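Hello,

Here is the structure I promised to pass on to you. Please open it next to this email and follow along as you read.

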Amino acid sequence: EASKIIARSHFQKKELMRRGVKESKIEVIYTGINPDKIPFKFRIPDKKRLKLLSAGRFVEKKGFDITLRFYKKLVRLYPLSKLVLVGEGPLKEKIEEDIKDLNLGGLLDLGGHIELKPFMDHDDFIRELYKHDIFILPCKKTDSGDQEGIPNVLKEAMASGMPVISTYPAGIPELIIDGRTGFLVPERDIRGLLKKIEFILNNKKRTAQICLKARSFVEKKFNVARTARQVEDLFGKYL
């Protein structure tokens with residue numbers, strides 16, 4: 001009975017159509033962020049002190065288990081690296097157990113290789129972005145079929161100037177174009193994640209160009225001023 005349904009990605013639109021919604025009823029409007037409040041700052045990753053960040057609700061589709069398994073291998077290559085996970089959620093205890101099981105709680109400047117930080121308000125999270133070199137979020141489709149949309153944390157990290165690594169499922173490729181606005185690997189591809197890290201570290205000029213394109217892309221297609229105007233215009237047609 002709805003006049004229009006707003007989909008947050010073209011992927012979601014296809015899923016709605018697959019479930020019987022008429023294409024003419026679906027309007028794709030991305031969720032936007034405010035890039036004006038996120039200054040762009042280049043990162044120059046240091047192989048000796050590589051700093052990785054991941055953030056999101058601690059649920060299965062965010063792929064934090066993949067992040068930890070990947071980092072277990074990465075820390076062998078870069079023993080002074082550090083990973084920070086920001087978030088809360090039902091899998092927090094499981095993540096803490098996995099960190100212990102993988103023996104990743106060892107001393108690194110007395111802070112350990114991995115640090116868990118609780119949910120932050122938006123301004124604090126934006127400030128946190130600038131403390132790190134690379135953002136990683138290897139999302140996956142769960143056995144129950146749950147999967148991501150287009151996480152705002154990816155947009156914010158890209159806007160801030162960080163190289164971003166994620167995966168192909170759902171709407172993420174509409175934001176991250178591999179090798180152009182960021183880096184993508186197949187789901188659960190730990191070796192692929194390691195290769196992307198190596199590319200970033202060994203191709204700093206190319207990575208800087210990708211980060212610039214990422215910022216421009218977010219400003220153009222995922223700016224909240226644009227997306228809010230699209231919603232307003234849509235409501236205006238039916239009120």
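Arg69, Lys73, Arg76, Arg191 and Lys195 together form a positive surface patch. This is a predicted model, in which local features need pLDDT of at least 70 and side-chain atom pairs count only at pLDDT 80 or more, while totals for chains, interfaces and linings use all residues. Residues are numbered from 1 along each chain as its sequence is written, and side-chain values use heavy atoms, with hydrogens and water left out.

A few terms first. Patches are made of residues with over 30% relative accessible area and no salt bridge; like charges are joined within 9 Å, and nonpolar side chains (Val, Leu, Ile, Met, Phe, Trp, Tyr) within 5 Å. A salt bridge here is a side-chain nitrogen of Lys or Arg within 4 Å of a carboxyl oxygen of Asp or Glu. Areas come from the Shrake-Rupley method with a 1.4 Å probe. Lys and Arg count as positive, with the charge placed at NZ of Lys or CZ of Arg.

Which helices supply the patch? Helix H2 (64–77) and helix H6 (190–202) each give at least two residues, and H2 gives the most, with 3 residues. Helices (H or I, at least four residues) and strands (E, at least two) are DSSP runs, numbered from the N terminus. Arg76 lies in H2, and it counts as exposed because its relative accessibility is 60%. The cut-offs are under 20% for buried, over 50% for exposed, and in between for partly exposed.

**Covered strands**

In strand S6 (residues 134–137), Ile134 and Ile136 on one side and Phe135 and Leu137 on the other are all buried. In a regular strand the side chains alternate between the two faces of the sheet. Strands S3 (residues 51–55) and S6 run parallel, joined by 2 bridges; two strands pair if DSSP finds at least two bridges between them. Leu53 has Phe135 as its bridge partner in S6.

S6 also pairs with strand S7 (residues 164–167), in the parallel sense over 3 bridges. In S7, Val164 is the bridge partner of Phe135, and Ile165 that of Ile136. Both faces of S7 are covered too, with Val164 and Ser166 buried on one side and Ile165 and Thr167 on the other.

**A nonpolar patch**

Ile6, Phe235 and Leu239 make a nonpolar surface patch of about 350 Å². Ile6 lies in strand S1 (residues 5–7) and, at 36% relative accessibility, counts as partly exposed.

Happy exploring!

Terms used:
Buried < 20%, exposed > 50% of the residue type's maximum accessible area, 1.4 Å probe, protein only.
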